[in-house]
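Reader: I have not looked at this one before. Can you walk me through it?

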Amino acid sequence: MKKVLALLVVMCIMITSFSLVSYADDSIKIKINGYNHEYDVMPVIINSRTMVPMRGIFESLGADISWDGDTKTVRAFGVNGTVITHIIGEASAIVNGEFVTLDTPSQIINGRTMVPVRFVSEALGEKVDWDADTKTVIIGDKLVAKAPGLATLKSTIHRPVPTEFTRSKDLNDLEYYSDFDAVLGKKEVNYDNAKLILSPEEFIREIDFDSKIEGAKCEKIAIDGEGFIEALKVEVPTVPNKDTDIIGRFEGKLDGKAKAGDSLLVKFTVRCVSTNADDGLGKVKIQIEAPETFKKALFEVFEFDNTYRTFYVPCTMVENSINVGVRFAYNAQTIEIADFHIYNFGDFPLSDLPSDATFMKTIAPGAEWRKEANERIEKIRKGDFKVVVKDKDGNIIPDAKVKADMFEHEFQFGSVIGTPDTVDLEKTRGKTFVENYNSAVFESYTKMGLHKPETVRETMNLAKVNGIKYFRGHSIVWEKFVSSLGNYLMPKELEEAFNENDKEKFDQIIKDYMKYVIEYYPEMKEWDVANEIVANKMFREKFGEEYIAEYMRWMHDINPDIDVLYNEASHWNVDFFDRLDMLKRVGAWDDMDKLGLQLHFNGSIVTPVEMINLYDKLVNEYGVNKLIATEYSTGALSDEKQHADFNRDFMIATFSHPNMTGIYMWGHWSSANSKYHMNAPLYDTEWNLKKGGQAYQDLVYNKWWTNEEGATNAAGEFGLRGFYGDYDVTVEANGQTKTVMVAFHKGYDNILEITMD
């Protein structure tokens with residue numbers, strides 16, 4: 001395929017003799033899938049062969065095109081998995097690895113590459129006919145609408161999406177899974193009936209700060225406006241060897257204050273001021289244990305971002321667990337911890353004690369933010385569409401039956417793929433992927449140091465055949481060489497150039513990779529070019545902070561149409577906003593087309609309100625035009641009901657924001673391979689659809705999905721308001737039935753005219 005396309009490109013560059021070109025009195029027309037198509041350079045006849053503009057035809061058939069100006073090579077990647085490579089000037093092409101002879105070489109005419117129409121169309125699996133009476137090339141036997149006021153339909157493939165739901169299409173008719181009465185304390189948990197066995201004042205004044213790390217500090221600070229007046233500020237200056245290197249101890253504190261079997265409630269508020277952790281989260285562990293047997297009533301890690309979060313932790317007292325401790329030795333970090341309580345509720349049912357009530361209130365029924373979000377969804381994710389029905393003479397047809405059935409979203413809903421098995425309909429993972437997503441990103445195989453081009457190409461071809469139509473590229477530059485798992489994120493030859501201080505070679509390796517992936521994966525319209533620059537800054541430390549502006553600009557220099565992204569995990573950290581300021585300061589901001597937010601909830605969980613506030617801040621205060629949720633995971637949510645409620649509201653909050661362009665999960669089924677795949681959003685380890693998966697499908701394929709029918713009015717028009725996406729529009733009139741596929745996308749007139757023959 002690559003060679004064939006390369007041949008086609010070379011041919012196009014050659015200027016043919018005008019004596020070979022035949023121009024008829026009437027221009028040759030092109031009809032693709034039932035609709036006339038016009039291009040700036042229309043077909044001509046050369047050596048008795050009809051030549052058509054390659055890019056225009058290929059893109060009209062849903063193919064993606066790349067061009068290598070250095071080698072004069074063109075590549076086309078069809079939705080049927082076909083790969084064509086052609087070099088301009090050669091008399092052959094390569095289609096799916098096999099040489100094919102062209103009966104007429106491709107040529108450049110008026111700046112456009114012209115190729116034989118039959119070769120191009122048949123290589124992409126389309127039927128080709130010629131109507132001599134009207135001098136029309138007829139390609140394809142589908143009906144796909146084409147008009148100036150309509151978007152171009154990317155793919156005619158219909159994925160096998162979910163169709164059965166228990167809830168209505170009403171955006172507010174939602175399933176709520178958690179026992180909110182118990183969780184939110186609606187059973188009237190009365191703290192007056194409990195014994196306070198460790199108070200905030202005791203916590204701050206009596207803590208025994210046991211540190212094995214030089215320079216570690218623990219000090220009391222004043223706090224204003226948070227509901228408490230003082231906190232402990234703990235500074236860990238270097239990365240500890242183990243979590244026992246710093247412990248705040250309260251030995252014997254619970255002696256005589258609780259007996260085995262009592263229900264305890266630990267409540268505390270904490271935030272991360274700064275950290276060197278990749279995810280930007282602070283971390284502590286709370287322990288309640290016996291001094292000699294080390295039996296534990298509580299031994300749990302808590303992660304949190306740079307906003308104050310209150311944790312409610314119920315636990316059951318065990319024999320002689322009288323010692324309380326807080327471990328701070330995780331990463332180099334500065335945290336503030338306050339309002340620390342331990343209550344003894346005696347024989348009160350543990351399940352009736354509150355657990356993170358602040359968070360749960362925001363995902364409970366009746367939350368005001370959700371009502372506002374659904375109102376935004378109705379306004380920004382839907383448009384007004386019109387279908388006009390006429391007869392072959394142009395007369396309007398009133399009372400025609402019209403049915404509009406959505407078959408694809410314009411918005412990107414996706415997750416990670418890897419090998420062909422991950423998108424193969426014969427495999428469980430592939431089947432569930434294709435049923436739930438229209439978009440894909442490679443988890444590892446497009447990273448510079450882990451690149452597997454043959455696997456990526458094969459997997460992407462199969463994904464397209466099965467209806468996946470959007471692809472993201474992840475990622476170009478990590479400012480470190482090796483991951484925490486020991487994998488080379490950047491190639492070893494780049495590390496060698498770095499160590500040799502050979503910046504010219506270093507730059508060229510990155511540029512060559514950019515050029516290769518842009519050419520070989522034209523389906524990837526956006527790339528994470530700068531990735532996780534809060535935690536990683538090795539290249540900027542060596543070459544200056546302006547270096548990020550250099551490598552972001554290179555991507556646009558190679559292809560201005562690629563969306564260049566800065567993709568970040570640590571956006572809950574104040575350092576993230578410092579990096580945004582830095583991008584503006586060094587001139588990289590103008591080359592950032594979109595901002596990627598990883599949104600991993602594998603330790604700390606934020607509320608939907610906090611998510612919306614973050615999105616708003618980035619848009620309103622920093623001027624970010626486009627956002628995308630690039631890596632959504634839910635490892636911290638082990639309770640399936642709470643997980644489902646969170647999954648539902650994450651989707652609503654994110655989909656409701658006008659600047660959001662997509663949501664990509666970092667795995668859709670649960671496995672223990674990493675924290676990113678634990679408690680995954682949709683399926684459990686046995687591939688059973690989780691409650692969170694039910695919530696997702698109800699939103700994406702029921703509430704955010706349009707099926708409307710009715711009849712044309714006296715003006716022959718049928719109007720509907722629907723979600724932006726791709727539709728089958730079926731009309732019945734004058735004893736005929738016709739179905740047309742159409743893209744009703746945002747920013748277009750969205751008027752479809754259907755002629756009944």
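Author: Start with a definition: rings of Phe, Tyr and Trp (its six-membered ring) pair if their centres lie within 6.5 Å, and planes under 30 degrees apart count as stacked, over 60 as edge-to-face and the rest as tilted. Ring pairs of this kind link Phe481, Phe498, Phe506, Phe539, Phe543, Tyr547, Tyr551 and Trp554 into a cluster.

Reader: What sort of model is this, and how are residues numbered?

Author: This is a predicted model, in which local features need pLDDT of at least 70 and side-chain atom pairs count only at pLDDT 80 or more, while totals for chains, interfaces and linings use all residues. Residues are numbered from 1 along each chain as its sequence is written, and side-chain values use heavy atoms, with hydrogens and water left out.

Reader: Which residue lies over the face of Phe543?

Author: Lys503 does, at 5.5 Å from the ring centre. The test is that NZ of Lys or CZ of Arg is within 6 Å of the ring centre and within 35 degrees of the ring normal. Lys296 likewise lies over the face of Phe299, at 4.8 Å from the ring centre.

Reader: How many aromatic pairs does the structure hold?

Author: There are 51 aromatic pairs. In one of them, the ring centres of Phe209 and Phe328 are 6.4 Å apart and the planes are at 50 degrees, so the pair is tilted. Phe209 is in strand E16 (residues 208–211) and Phe328 is in the loop between strand E24 (323–327) and strand E25 (333–344), 119 residues apart. Helices (H or I, at least four residues) and strands (E, at least two) are DSSP runs, numbered from the N terminus.

Reader: Is Phe328 buried or exposed?

Author: Phe328 is buried, at 0% relative accessibility. Phe209 is partly exposed, at 23%. Buried means under 20% relative accessible area, exposed over 50%, and partly exposed in between (1.4 Å probe, protein chains only).

Reader: Now helix H7. How far apart are its end C-alpha atoms?

Author: They are 19 Å apart, which agrees with the 18 Å that the 13 residues of H7 (residues 368–380) should span at 1.5 Å a residue. The expected span is 1.5 Å times one less than the number of residues.

Reader: Which residues of H7 are buried?

Author: Trp369, Arg370, Ala373, Asn374, Ile377 and Ile380. They cover an arc of only 145 degrees around the axis, which puts them on the same side of H7. The arc is taken over the directions from the helix axis to the C-beta atoms.

Reader: What covers them?

Author: The cover includes helix H6 (357–362), strand E26 (382–391), helix H15 (608–620), helix H16 (640–655) and strand E37 (717–723). Contact here means heavy atoms within 4.5 Å.

Reader: How many residues of E8 are buried?

Author: Four of the five residues of E8 (residues 83–87) are buried, so the strand is largely enclosed by the rest of the structure.
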